[in-house]
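This briefing sets out the arrangement of the chains, their contacts with DNA and selected local features. The sequence and structure are shown first, and the points follow by topic.

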Protein chains: 2
Amino acid sequence: MDDVAAKAGVSRALVSLVMRDSPRVSASSREKVLAAAAELGYRPNLWARNLASGQTHTVGVMLNDLHNPYFTEMAEGVAEVANKAGLQVLLNTGWQRDGGEVTAIEALLSLRTDGLVLAAPRLPAEILDGYASQAPVVSVSNYDRLDSFDTVCNDEAHGANLIVDHLLELGHQRIAHIDAGSAAGGPERRSAFIDAMTRYGLAPIVVEGDFKEDAGYQAAEQLMSLREPPTAIFAGNDLSAIGALTYLQTAGLRVPEDVSVIGYDDTVLAGIGTVSLTTVHQPRPQFGRQAMELLLERMKGRTEARHEQIEPWLVVRSSTGPLQPT
Amino acid sequence: MDDVAAKAGVSRALVSLVMRDSPRVSASSREKVLAAAAELGYRPNLWARNLASGQTHTVGVMLNDLHNPYFTEMAEGVAEVANKAGLQVLLNTGWQRDGGEVTAIEALLSLRTDGLVLAAPRLPAEILDGYASQAPVVSVSNYDRLDSFDTVCNDEAHGANLIVDHLLELGHQRIAHIDAGSAAGGPERRSAFIDAMTRYGLAPIVVEGDFKEDAGYQAAEQLMSLREPPTAIFAGNDLSAIGALTYLQTAGLRVPEDVSVIGYDDTVLAGIGTVSLTTVHQPRPQFGRQAMELLLERMKGRTEARHEQIEPWLVVRSSTGPLQPT
DNA sequence: TTGCAAAGATAGAGCGCTCTACTTTAGGGT
DNA sequence: ACCCTAAAGTAGAGCGCTCTATCTTTGCAA
């Protein structure tokens, strides 16, 4: 920076002002400085800048799993809003290792980011509480609604209702749910399903599963061997639904003529041609945008916690159809 | 830091040593310092540390598309090697915006990262050349092999040969290739296919396509309406292969009895039950690991460029089968 | 007891920038 | 010509740490 100042024949402070687009410099000296900087290949050192200014203009995003498109799409939403607000986004992940999340969060905290967005952290609320005292924190997950940090989550009950309503409209009555065990959103979806079915006076059929394809396959096998097999299956997520589809195909059953199948999430898998799965869409970028907006408010001083719930919607593809007369 | 030093009754320099696990401090003072730090909730400020030490222990990874699992899996490989070497990984992406890549790279450069891994940058080689003069750079892509930076790429020709050999072994002779246009790896795959077929004295059938599902669908439609339709189709990538599968299914053709289909990449899509696509596997984490290793060598002073090519392999699933007697 | 090396601890400069407070210059109004 | 104000530019302290050089303590052989 001194070199640039010397070359342009001005003071170091002026160079600093030019680099930050201050309106307080004349056009002529701005030009001189920029020319000198270009010639010397000068680029401000962000570490020094942030140290001196005491603010980092940076928010950290901790993704617990980089593989999962769910999180990366969410991160995109965060970045969109952050960039608009003039903030840099720093991504970090625990690489699914033991303690990786903690390491990742602490690294971001050591960088003194202005705020933290945590994507579905697998940490007890008390620990997040501790982090929240060091920087504003927004968690995208179904967390206990503490006062120290904000949350954004999906309205699971609404999603489950959409599914039941859709199937009912198509005339189905024997509807089964392959649940997703204790995985994120699983218990909420199951109980919303049971509630909805009961409300309509129908028997809720539930088999245990998880978020994997295999579980969907086995659950479908189980269901179809019942004395009165269901005419429609609501799987806990897309992957599980695809497992069910695979079983049905193997068993020579047609979808949707013999059985309707419905998933949850609307991942890229649901949309591909040979699958074409009806599913509930979760607007992942929207989660990120919402989270970042809450963070901005916190950074501007809001102190009471806010907890946002985002409405999913139904995407009807060709894995569901009207109940066939028997 | 001063507070910690005061509380522990030692000098600031000693606190610094403790924080960096220096062996030069006695067990007793280490304990005192750690206790004081814990009590005050002290956490070293990385910005200040990096500024003072002049080294960042950080490498930047620029992913041009965070959505694409290809890149995130690669990043995982980078992180694995980097962490083992005691380096932090900072992720950045251009969010697929115009000029986003440049912004992302420059941001990393402003952070004075010790090195840069670029995942399939869409920038002219001269620009990378310029960056390479500011920090060690490794590009994961089929780039011109310049002297200023290292590259890691896939051996496309080998992959195409694996495919042709596999189909030949199954007895196929009329083999078609749906190409991937000018997309990354596309031209290499096409010409390797043509070479291999010609070498075996077979006519290479090629139709134009791209990396999308739609293109695969249309290309398959075209191919199957030929007077002598192919008995096997090698699609430029998995998505295109899935498009082809979808068409074949619609047209009532069985896979692999009537037509064998083979993809390229081995994305998660290929493995799902209803698809079960034979494809060429690209070891994406391996790309990342290799890239990071090259970067480490550069950081240790190697100056001549190295260009690594990684061998893909074939994953046989159920979309390919022996040629049926007619 | 003395001397000396190694281990342990410290003072203070400096990393590259920003920020506050200040000085200089230019442009009106009377 | 004078004063006053606003704009443009600058000096120098300081952000939180590390690093070099230096000092102090300890242990042990002579």
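In the residue classes used below, Ala, Val, Leu, Ile, Met, Phe, Trp, Tyr, Cys and Pro count as nonpolar, Asp, Glu, Lys and Arg as charged, and the others, Gly among them, as polar. On that basis, the surface near DNA strand C comprises 14 nonpolar, 6 polar and 4 charged residues. The model is predicted. Its two protein copies, chain A and chain B, superpose through a rotation of 180 degrees with 0.0 Å of shift along the axis, at an RMSD of 0.1 Å. That is the relation of a two-fold axis.

**Surfaces near the DNA**

- Around DNA strand C there are 24 residues, of which M1(A), S16(A), A52(A), S11(B) and L14(B) come nearest.
- Both protein chains take part in the surface near DNA strand C: α2 (12-19) and α4 (46-53) of chain A, and α2 (12-19) and α4 (46-53) of chain B, each supply at least two residues.
- The element that gives the most to the surface near DNA strand C is α4(A), with 5 residues.
- DNA strand D is surrounded by 23 residues, and the closest are S11(A), L14(A), M1(B), S16(B) and A52(B).
- For the surface near DNA strand D, at least two residues each come from α2 and α4 of chain A and from α2 and α4 of chain B.
- Here α4(B) has the largest share of the surface near DNA strand D, with 5 residues.
- The surface near DNA strand D divides into 13 nonpolar, 6 polar and 4 charged residues.

**Interface between chains A and B**

- The contact between the chains draws 37 residues from chain A and 37 residues from chain B.
- On the side of chain B that touches chain A, at least two residues each are supplied by α4, α5 (69-84), β2 (88-93), α6 (100-110), α10 (213-224) and α11 (238-250).
- Within that side of chain B, α5(B) gives the most, with 6 residues.
- By class, the side of chain B that touches chain A has 21 nonpolar, 11 polar and 5 charged residues.
- The copies meet through the same surface, because 100% of the interface residues of chain B are also interface residues in chain A.

- The axes of α4(A) and α4(B) cross at roughly 125 degrees and come within 8 Å.
- With angles of 65 to 115 degrees counted as roughly perpendicular and those over 145 as roughly antiparallel, α4(A) and α4(B) are therefore oblique to each other.
- The crossing in which α4(A) passes α4(B) is left-handed.
- W47(A), A48(A), N50(A) and L51(A) of α4(A) make this contact with W47(B), A48(B), N50(B) and L51(B) of α4(B).
- The contact of α4(A) with α4(B) contains 6 nonpolar, 2 polar and no charged residues.

**Helix packing within chain B**

- The axes of α2(B) and α3(B), the latter spanning residues 27-40, come within 10 Å and cross at roughly 90 degrees.
- The helices α2(B) and α3(B) are therefore roughly perpendicular to each other.
- This contact is made by L14(B), V15(B) and V18(B) of α2(B) together with S29(B), R30(B), V33(B) and L34(B) of α3(B).
- The residues joining α2(B) and α3(B) in contact are 5 nonpolar, 1 polar and 1 charged.
- The axes of α5(B) and α13(B), the latter spanning residues 284-299, come within 6 Å and cross at roughly 45 degrees.
- The pair α5(B) and α13(B) is therefore oblique, and α5(B) passes α13(B) in a right-handed crossing.
- Residues making this contact include Y70(B), M74(B), G77(B) and V81(B) of α5(B), and P285(B), F287(B), G288(B) and M292(B) of α13(B).
- The contact of α5(B) with α13(B) divides into 10 nonpolar, 3 polar and 6 charged residues.

**Local backbone features**

- In chain A, the peptide bond joining V255(A) and P256(A) is cis, with omega about 5 degrees.
- P256(A) lies in the loop between α11 (238-250) and β9 (260-262) of chain A.
- In chain B, a cis peptide bond runs from V255(B) to P256(B), with omega near 5 degrees.
- The place of P256(B) is the loop between α11 and β9 (260-262) of chain B.
- A120(B), a residue other than glycine, has a positive phi near 45 degrees.
- The loop that holds A120(B) is between β3 (115-119) and α7 (125-132) of chain B.

How values were computed
Residues are numbered from 1 along each chain as its sequence is written. Chains are lettered from A and ligands numbered from 1 in the order in which they are written. This is a predicted model: local features need pLDDT of at least 70, side-chain atom pairs count only at pLDDT 80 or more; totals for chains, interfaces and linings use all residues. A residue is near a molecule or strand if its C-beta atom, placed from the backbone, lies within 6 Å of it. Helices (H or I, at least four residues) and strands (E, at least two) are DSSP runs, numbered from the N terminus. Copies are superposed by least squares on the C-alpha atoms of residues with pLDDT of at least 70 in both. Two residues are in contact if their C-beta atoms, placed from the backbone, lie within 7 Å. Axes are lines fitted to C-alpha atoms, for helices over the stretch in contact, and angles run from 0 to 180 degrees between N-to-C directions. Angles under 35 degrees count as roughly parallel, over 145 as roughly antiparallel, 65 to 115 as roughly perpendicular and the rest as oblique. A crossing is left-handed if the near helix is turned anticlockwise from the far one by less than a right angle, and right-handed if clockwise.
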